[in-house]
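I opened my notebook to look up a few places in a protein model.

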Amino acid sequence: MKVLVTGAAGFIGSNFVIRARAVRPEWQLTVLDSMTYAANLSSLDPVIDEVEVVKGSVTDPDLVDELVAAHDLVVHFAADSHNDNSLDDPWPFIDTNIIGTYQLIQAVRRHDKRIHHISTDEVYGDLELDDPAKFTESTPLNPSSPYSAAKASADLLVRAWVRSFGLRATLSNCSNNYGPRQHPEKFIPRQVTGIIDGVRPKLYGAGLNVRDWIHVDDHNDAVIAIVEQGRLGETYLIGADGEMNNRDVVALVLELMGKPADWYDHVPDRPGHDLRYAIDASKLRAETDWRPAHPDVRSGLVDTIAWYEDNQDWWRTAKVVAETRYERLGR
């Protein structure tokens, strides 16, 4: 099977390519990435000689049409995804996440191919901290930021193309990923790389916001399971029951890195900061054989921290740029 992976020089996409080469070596993989600041081609070093790499944007209709026509399946990771950046400049999120998805599904429709669309639990808004409920596939969309609004719009486009044009598609909405090759502007790698340099972690507000953490390999294994076992037209939520508030995550990272649990500083909260995400993945578990291999966040973080300690050349330049921007924003 010939598989086009968009956004495959980014965090989750690059890990998907590496994982797919390991567990589906018969797949022929093509990487499409516009190589923005969030991409790092060296993330693909373990498999770079085994994949084709194309530099370009999912918003380019001619390039997208040519690539989709030559492949059987599109796995669509490409997205601008950092909430803080979307608050500062929403347009790239509209362009990549909405226009790019439109170009892809139009090409998939024209050539009668198949697409799996990757999305986020952030499209559902948030839950109260003391609410026992979790997000399900029927939870109404209620995005809070330009980023999540753009992803919700993309989800709706895919669903509408399924219904109106018979698009052969599946969709997934995943909880917060962690693991190797994540840009140091994101929450966990920002803290880990800072601690390596002797810098105290930064915690938004009181740190009580809850996220449902999942190791990136578990996310990507679920995507493969949906591609092979999921029903066309369906949406699947991906989560590993990893709910933790941000303060506890920081405390755990500090413990694993040999620092006191209170060795952090509070910074002003982010505007529109969602309170709690929680995923009910029972549909995915019922319809596929997927189960998380890293159900314990602690064990997954041990390997993640080790990767950042061992791969400092990968993140140091990006770290400087990210922290300069955070300083400007007072975060």
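**Entry 1: the model.** I noted before anything else that this is a predicted model.

**Entry 2: asparagine 97.** I looked for this residue and found asparagine 97 in helix H4, which runs over residues 91-111. Is asparagine 97 buried or exposed? Its relative accessible area is 1%, and buried means under 20%, so asparagine 97 is buried. Next I checked what its side chain reaches, and I found the backbone nitrogen of aspartate 80 at 2.9 Å. I then listed its contacts, leaving aside neighbours within four places in sequence: Ala79, Asp80, Pro92, Tyr147, Ala150, Lys151 and Ala154.

**Entry 3: helix H7.** I turned to helix H7, residues 216-229, which has 14 residues. From its first C-alpha to its last, H7 reaches 20 Å, close to the 20 Å expected at 1.5 Å a residue. How many of the residues of H7 are buried? I found twelve of its 14, so I wrote down that H7 is mostly covered. Among the buried residues I noted Val216, His219, Ile224 and Val227.

**Entry 4: salt bridges.** I reminded myself that side chains of opposite charge can pair when their charged atoms come close. The structure holds 18 salt bridges, and I picked some to look up.

Arginine 328 forms one with aspartate 88, and the closest N and O atoms are 3.5 Å apart. Why does this pair tie together separate parts? Arginine 328 lies in helix H11 (residues 312-329) and aspartate 88 in helix H3 (residues 83-88), so the parts they tie together are 240 residues apart in sequence. I also wrote that arginine 328 counts as exposed at 57% relative accessibility, while aspartate 88 counts as partly exposed at 41%.

My next pair was arginine 316 with aspartate 197, whose closest N and O atoms are 2.7 Å apart. Arginine 316 is in helix H11, and aspartate 197 is in the loop between helix H6 and strand S8, 119 residues apart. Arginine 316 counts as partly exposed at 32%, and aspartate 197 counts as partly exposed at 37%.

Then I looked up arginine 276 and glutamate 243, a salt bridge with closest N and O atoms 2.8 Å apart. Arginine 276 sits in the loop between strand S12 and helix H9, and glutamate 243 in strand S11, 33 residues apart. Arginine 276 is buried at 5%, whereas glutamate 243 is partly exposed at 30%.

Technical notes
Residues are numbered from 1 along each chain as its sequence is written. This is a predicted model: local features need pLDDT of at least 70, side-chain atom pairs count only at pLDDT 80 or more; totals for chains, interfaces and linings use all residues. Side-chain values use heavy atoms; hydrogens and water are left out. Helices (H or I, at least four residues) and strands (E, at least two) are DSSP runs, numbered from the N terminus. Buried means under 20% relative accessible area, exposed over 50%, partly exposed in between (1.4 Å probe, protein chains only). A polar contact is a pair of N or O atoms within 3.5 Å; within protein, one must be able to donate a hydrogen and the other to accept it, and residues adjacent in sequence count only if both atoms are side-chain atoms. Contact means heavy atoms within 4.5 Å. The expected span of a helix is 1.5 Å times one less than its number of residues. A salt bridge is a side-chain nitrogen of Lys or Arg within 4 Å of a carboxyl oxygen of Asp or Glu.
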